[in-house]
Amino acid sequence: MVALTIDGRKVEAGAGSTVLDAALAAGIEIPRLCHHPELTAWGGCRLCLVEVEGQQAPVPSCGLAAAAGMVVITHSEQLEAHRREVLDLLLSDHPLNCVICEKAGACDLQRYAYEFGLSESSHEKEIARKLYQDENAFLVRDHQYCILCTRCVRVCEEIVGASAIEVAQRGFEAFVATPFDAPLVETPCTFCGNCVQVCPTAALVPVDRIGKGREWDLTRTRTVCPYCGTGCGIEVATRGGEIVSVSGYGAPANGEFLCTKGRFGLGFVGHPDRLRRPLIRRDLAYSLGLIDTPPPAALGRSPLGRSPAAGETHVEVDWEIALDLVADRLAAVVKESGPDAFAGIGSALCTNEDNYIFQKLVRGVIGTNNVDLCARV
Ligand code: SF4
Ligand code: SF4
Ligand code: SF4
Ligand code: FES
């Protein structure tokens with residue numbers, strides 16, 4: 001631990017802490033835009049400048065190692081003027097469409113503009129970057145809202161390891177580009193959406209979230225991703241019972257980060273084709289006397305590529321009939337060929353408890369160790 005003084009208060013900082021870390025841990029707020037706690041410091045936005053005794057000019061606190069005996073000032077007239085000018089310049093090429101913006105209410109730029117009382121820039125207004133949506137189903141890239149904080153670039157390189165994006169050009173022309181400015185689908189992008197997660201503005205927004213409601217209309221529920229055994233914590237934003245978006249929230253297993261399935265793959269929850277009742281094959285249902293009409297003779301994949309709909313090949317039954325049928329069939333297989341003729345594949349979409357009961361059924365009732373699932377739990 002090192003002891004330093006911030007705004008006249010004695011604070012202690014852990015080994016490797018920055019001055020920003022030490023201040024935040026002590027409850028001292030410092031404005032910041034390019035900083036993200038899970039990413040390496042970049043020091044580009046200059047909003048987190050602080051004054052340090054003995055230093056001639058203000059220093060970005062997000063990249064400044066806390067040292068014993070350091071005396072730091074986080075708020076002064078000069079620092080407020082610096083920060084105001086930083087924001088003023090950012091707003092000079094920003095659309096400020098907050099009244100219709102998907103990010104309003106969760107936007108760091110909007111929050112600081114509000115705190116500094118800036119409704120417009122005092123500089124000549126010119127939007128340097130233009131809308132750019134490449135063809136993908138997951139995220140909108142709208143450069144006009146980008147403040148070049150590089151959080152997306154760093155998360156893609158440091159956390160995801162894909163390095164699909166980088167800042168191209170210089171100065172007013174600079175923008176977050178893909179290699180050769182190709183569409184994301186032609187890059188190593190995995191569409192994990194972690195760049196969307198860390199983007200402080202509306203420059204990166206999930207496609208499915210567009211037009212689904214303002215931030216304050218959404219209900220946020222924390223749960224566990226249903227896809228694999230990692231057990232990532234997810235926060236599901238819903239409106240009127242419909243899933244609008246999914247994000248990470250800092251859970252122990254995954255921090256804020258998710259893979260593409262967890263972030264963009266929960267559409268099955270409200271999908272009209274989702275199976276909600278047991279279905280059995282029509283020929284079986286007919287032979288059991290559950291339906292009056294026999295199925296058409298040649299059901300199966302059509303040579304034209306059209307697969308028959310579930311309603312053509314299967315018929316809905318109640319749970320009792322379905323479970324009795326499955327139990328009878330399983331008992332017959334085990335009786336005829338022994339328990340090792342059976343193998344059970346569980347699902348990571350089920351809870352651990354469901355999968356535990358499932359393996360008990362396979363081992364204890366059927367009598368075989370042929371049981372597995374993709375999550376390997
Ligand atoms: S990104 Fe933020 S500041 Fe920009 S229009 Fe949207 S809410 Fe407003
Ligand atoms: S979606 Fe993931 S892989 Fe693609 S650019 Fe964003 S962080 Fe990188
Ligand atoms: S797209 Fe978002 S995260 Fe990336 S540099 Fe622009 S504002 Fe920052
Ligand atoms: S948050 Fe420190 S320079 Fe941007």
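Thr18 lies in the loop that runs between strand S2 (9–13) and helix H1 (19–25); helices (H or I, at least four residues) and strands (E, at least two) are DSSP runs numbered from the N terminus. The structure is a predicted model, in which local features need pLDDT of at least 70 and side-chain atom pairs count only at pLDDT 80 or more, while totals for chains, interfaces and linings use all residues. Residues are numbered from 1 along each chain as its sequence is written, chains are lettered from A and ligands numbered from 1 in the order in which they are written, and side-chain values use heavy atoms, with hydrogens and water left out.

With a relative accessible area of 15%, Thr18 is buried; buried means under 20% relative accessible area, exposed over 50%, and partly exposed in between (1.4 Å probe, protein chains only). A polar atom of the Thr18 side chain lies 3.0 Å from the backbone nitrogen of Asp21. A polar contact is a pair of N or O atoms within 3.5 Å; within protein, one must be able to donate a hydrogen and the other to accept it, and residues adjacent in sequence count only if both atoms are side-chain atoms. Not counting residues up to four places away in sequence, Thr18 touches Ser61, Cys62, Leu64, Ala65 and Ala66, where contact means heavy atoms within 4.5 Å.

Asn136 is placed in the loop between H3 and strand S6 (139–141). Its relative accessibility is 12%, so Asn136 counts as buried. The side chains of Asn136 and Asp134 are joined by a polar contact of 2.7 Å, and the Asn136 side chain also reaches the backbone nitrogen of Leu139 at 2.8 Å. Leaving aside neighbours within four places in sequence, Asn136 is in contact with Leu184, Val185, Phe191 and Val207.

Glu242 belongs to strand S12 and is partly exposed, at 43% relative accessible area. Glu242 and Leu373 are 131 residues apart along the chain, and their C-alpha atoms are separated by 29 Å.

The protein is divided into domain 1 (2–75), domain 2 (218–271), domain 3 (275–333) and domain 4 (338–377), with bounds that come from an automatic or database domain assignment. Taken over C-alpha atoms, the centres of domain 2 and domain 4 are separated by 26 Å.

The largest pocket has a volume of about 1100 Å³. Of the 45 residues that line this pocket, the closest to its centre are Gln197, Arg220, Ser245, Val246 and Ser247. On a 1 Å grid over the protein atoms alone, a pocket is an open set of points with protein on both sides within 12 Å along at least five of seven lines, a cavity is a set of points where a 1.4 Å probe fits but cannot get out, and lining residues have an atom within 4 Å of a point. Grid points are joined across faces, edges and corners, and a volume is the space filled by probe spheres set on the points.

Because domain 1 (2–75) and domain 2 (218–271) both give residues to its lining, the largest pocket lies between them. At least two lining residues each come from helix H3 (108–115), helix H5 (194–198), strand S9 (204–206), strand S10 (219–224), strand S12 (242–247) and helix H6 (260–264). S12 supplies the largest share, six residues.

## Other spaces and their linings

The second largest pocket holds about 400 Å³ of space. Its lining has 17 residues, of which Val86, Leu89, Leu90, Ile147 and Leu148 lie nearest its centre.

Two cavities of 30 Å³ or more are found in a search of the whole structure. The largest cavity has a volume of about 270 Å³. Among its 27 lining residues, Cys152, Ile165, Val176, Cys195 and Leu204 lie nearest its centre. S6 and helix H4 (151–160) are the elements that give two or more residues to this lining, and H4 gives the most, with three residues.

The second largest cavity contains about 90 Å³ of space. Residues lining the second largest cavity include His94, Cys98, Cys101, Tyr145 and Thr201.

The table gives the linings by class: Ala, Val, Leu, Ile, Met, Phe, Trp, Tyr, Cys and Pro count as nonpolar, Asp, Glu, Lys and Arg as charged, and the others, Gly among them, as polar.

| Space | Nonpolar | Polar | Charged |
|---|---|---|---|
| Largest pocket | 17 nonpolar residues | twelve polar residues | 16 charged residues |
| Second largest pocket | eleven nonpolar residues | three polar residues | three charged residues |
| Largest cavity | 21 nonpolar residues | five polar residues | one charged residue |
| Second largest cavity | eight nonpolar residues | four polar residues | no charged residues |
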